[in-house]
Amino acid sequence: MDVTKEGAFCGQISVIGRDPARLRYVHSHTHKTAAAAGALAAVAALLSTAPPAAAAGARDVTADVLADRDVTLTGDTVVSVPSGTTTYDGVFRGEGALTVRGSGTLVLTKDSDFTLPKSRQRQKVSTQGGNHPYVTTSNPDPPAVTVERGATLQYGDGGSTGLIGHFPYSTPAFRLNQDNIRVDGTLRLSLKDVGYNLGTISGSGLVTQPRFLWGTWDLSGTHPFSGVIDNGTQVNAGRPEFATSLPNVRKVLNQGTWTVDTPLGQTVTQRMDFYQREYGSDINVQSRPGSKVILTGQYSWSNQGGDTAPSLSDPALNWTPARKNVNKRGTNIKGANVQWGDGTTNKIFMPGTAETVYINLLAARSRSLLTFDYNGPVTLGAPIGGGRFHDTLSAPGAGDIVIAGTRGNDVTFAAKQYYDGSTTVEKGAVLRLGSGQGDGSLLTGTERRRVVNNGTLFVNNAKRAISLAYVSGSGAFVQAGAATTTLTGSAVTYSGATTVKKGTLALRSGATLVRSKVIRLSSAGSRLDASTSGLRVATTLTGKGKVKGAVTNEGVVAGGLTVSGDYTQRAKGELVLRDKPLKVTGAVRLAGSLDLSAAGADPAPEITVLDHAGRARTNGAFTGLKEGAKVKLADTTYRISYKGGDGNDVVLGAVAASPSPSAARGTESSGAVAADTRTANTASSGLGWWPYVLAVGLLLGLVVPASLYRRGGRRRGGRHAAQG
């Protein structure tokens, strides 16, 4: 839900035209902003530009304001401000609503206190939360103060007074203003060294706070305001005592510090875009236990549009340092649970590099948590650190990162990350380290810095080699960059597929891929380096690349790979024949099965199963396939040899066809038939040549072993049986 700071909207201030009698009165007194001659000119201008008279029943107090007299409201009241600046040293009191009109600026130098009539007061202010109190406002009053389009109302002249407000509520830790305000023109907050509240804000204009005044605006509750907020110093857009919601605000021009906090156990969403023009602005986020802050907009530099319509002429300028660092901006996450995006956008909250943005992940009451939740690709071009303000890399960030499992969420870290917590990639999400142009990395080496990968983790670094440890989860790992990625330690336990598209994936310090459901070396240039630990294959190893180091096959290994080391296939292992053989440069020890089901449909006269480039002989044999055993491939019968090629390759040689029995007996059959090479699986179709063997045996008086009467007992030879 969207929760916003509360405020009471009690009155309305208007500036409207003046009647001639009052103008004559004004003419007879000194206008504070000009000399006597200037006063005459101002009155003449006012006569020529004054708006229509106020509606019946509204009292026009323009003359009183221009004369610096205190005004007691007795109902709806209006002030019409002439062009230029009018400074008012009086005060407003009483009951009513005040509207400010005109084309000029009305500056209030003293605090005013009035309320709406009781008949128009309706809002309910409640304090909830027990030992953790927070304030809510429901059904807010209509505005007590209104600033019409074209007019400017200024609270204060750089001092500590000048606010319109009434504070009847017993609220914890801040003063809630009952006098709500509507701003369709401009409200300028020139209050120094004070904390203040404006109640509930509505309208579509500009609320602006000059820089370096150091007054703090408590923006409490839910506000229908749809204009622009220009924060020059400090805004509390949420505190433990109130939440802030600004569902209709279009933009915030942040030239100071925008602080977001929450009451206990609440989720606060702020959807506006933030902009900054000057060096030194930041967004600070805090939250209570059980709370979350969701920011769905973007924090960008502004080089056009002024205060009312800040914008950036070219989004690429966020990524390029500007003169005097005027486009550098930052965020400090202080022990908070923060989420960038809500799954409906792919505009990253902090676009830029280490030269243009800073991101600090800090510990306060607890460690911080930052979640990325987008529906398309986004790139984080800056490091996440934990230093003080711009010095972000002076200490590691104290918190954890989550890539949410929203469909399409594809996050690239294109910079060296410097946070000391965990990184979780949820199912369906993608995290890429490196963009192909900017290299990325994570702090690793301890269990707290673990990677829990239930989605897909890509490493796509062009130059920077990186190391990862404590990688778990059910997700996939892809090595896609030219730079080497090293997996270290026995805590590499992820179970998804491993794909090496480019470059080298190295295993060190006991790391294995024994739990990875499949290992693919998808290009001829891909490398898997297991030279220091060996590689035990318990699942599937396939592809076109090269494995450096010994391979022990207790699962499935496919042809087409090169093993630069020893190859041992155990009884549970299987070698799958592909279009190209398995090439091995070290010793070869064979057992287990040979799978021919993936071989081509048009076999050659000789097929190399294993190209043994080493000098030692090949030891062992596939189960059931001794030297010379026959195998059937398509319509061709082969004999297997472990002494083929240069003397130690494993090859299949086609068996030459022999004359059929009828041709040998001089029958009319003129075509030769291939030798009968039925496997054990097909022998049951008939007795074959066993009757001839029996007949010869009887003639010679021989005893035929009972085992010869078996009709095709199955012999193990992988998915394709063999005949010895």
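**Strand E36 and its neighbours**

Strand E33 (residues 377-380) and E36 run parallel, joined by 4 bridges. Helices (H or I, at least four residues) and strands (E, at least two) are DSSP runs, numbered from the N terminus. Two strands pair if DSSP finds at least two bridges between them.

Before I go on, the ground rules. This is a predicted model, where local features need pLDDT of at least 70 and side-chain atom pairs count only at pLDDT 80 or more, while totals for chains, interfaces and linings use all residues. Residues are numbered from 1 along each chain as its sequence is written, and side-chain values use heavy atoms, with hydrogens and water left out.

Back to E36. Val 378 has Val 411 as its bridge partner in E36. On to strand E38 (residues 430-433): E36 pairs with E38 in the parallel sense, over 4 bridges. There, Val 411 has Leu 431 in E38 as its bridge partner.

Are the faces of E36 covered or open? Both faces of E36 (residues 410-413) are covered. Asp 410 and Thr 412 are buried on one side, and Val 411 and Phe 413 are buried on the other. Buried means under 20% relative accessible area, exposed over 50%, and partly exposed in between (1.4 Å probe, protein chains only).

Now zoom out to the sheet. It is open, with 11 strands in the order E33-E36-E38-E40-E43-E45-E47-E50-E53-E56-E59, and the pairing is parallel. E33 and strand E59 (593-595) stand at the edges with a single partner strand each, so one side of each has no neighbour in the sheet. Neighbouring strands here are turned by 15° against each other on average, direction ignored. For such angles, axes are lines fitted to C-alpha atoms, for helices over the stretch in contact, and angles run from 0 to 180 degrees between N-to-C directions.

**Tyr 419**

Tyr 419 lies in the loop between E36 and strand E37 (423-425). Why does Tyr 419 count as buried? Because its relative accessibility is 2%. What does Tyr 419 touch? Leaving aside residues up to four places away in sequence, Tyr 419 touches Leu 361, Ile 384, Gly 397, Gly 399, Ile 401, Phe 413, Leu 442 and Leu 443. Contact means heavy atoms within 4.5 Å. Note Phe 413, one of the buried residues of E36. Also, Tyr 419 and Leu 393 are 26 residues apart in sequence, with 9.4 Å between their C-alpha atoms.

**Another sheet**

Next, an open sheet of 9 strands, in the order E4-E6-E11-E13-E16-E19-E22-E25-E28, with parallel pairing. Its edge strands are strand E4 (85-88) and strand E28 (299-301), and each pairs on one side only. The twist averages 20° from one strand to the next. At the E28 end, strand E25 (residues 273-276) pairs with E28 in the parallel sense over 3 bridges. Phe 274 stands opposite Tyr 299 in E28.

Whole chain, quickly. It has 5 helices and 65 strands. Of its 724 residues, 53% count as buried. Take contacts with a separation of 6 or more: residues 24 or more positions apart account for 53% of them.

**Empty space**

Rolling a probe the size of a water molecule over the atoms shows where empty space is left. On a 1 Å grid over the protein atoms alone, a cavity is a set of points where a 1.4 Å probe fits but cannot get out, and a pocket is an open set with protein on both sides within 12 Å along at least five of seven lines; lining residues have an atom within 4 Å of a point. Grid points are joined across faces, edges and corners, and a volume is the space filled by probe spheres set on the points.

The second largest pocket has a volume of about 240 Å³. It is lined by 17 residues, and Asp 111, Leu 163, Phe 167, Arg 175 and Gly 195 lie nearest its centre.

How many cavities of 30 Å³ or more does the structure hold? There are 2. The second largest cavity has about 30 Å³ of space. Its lining is Val 492, Thr 493, Tyr 494, Thr 512, Leu 513, Val 514, Arg 515 and Ser 516.

**Two loop residues**

Last stop. Most residues other than glycine have a negative phi. Asn 139 has a positive phi, near 50°. Asn 139 sits in the loop between strand E9 (134-138) and strand E10 (145-147). Ala 634 also has a positive phi, near 55°. Its place is the loop between strand E62 (630-633) and strand E63 (636-644).
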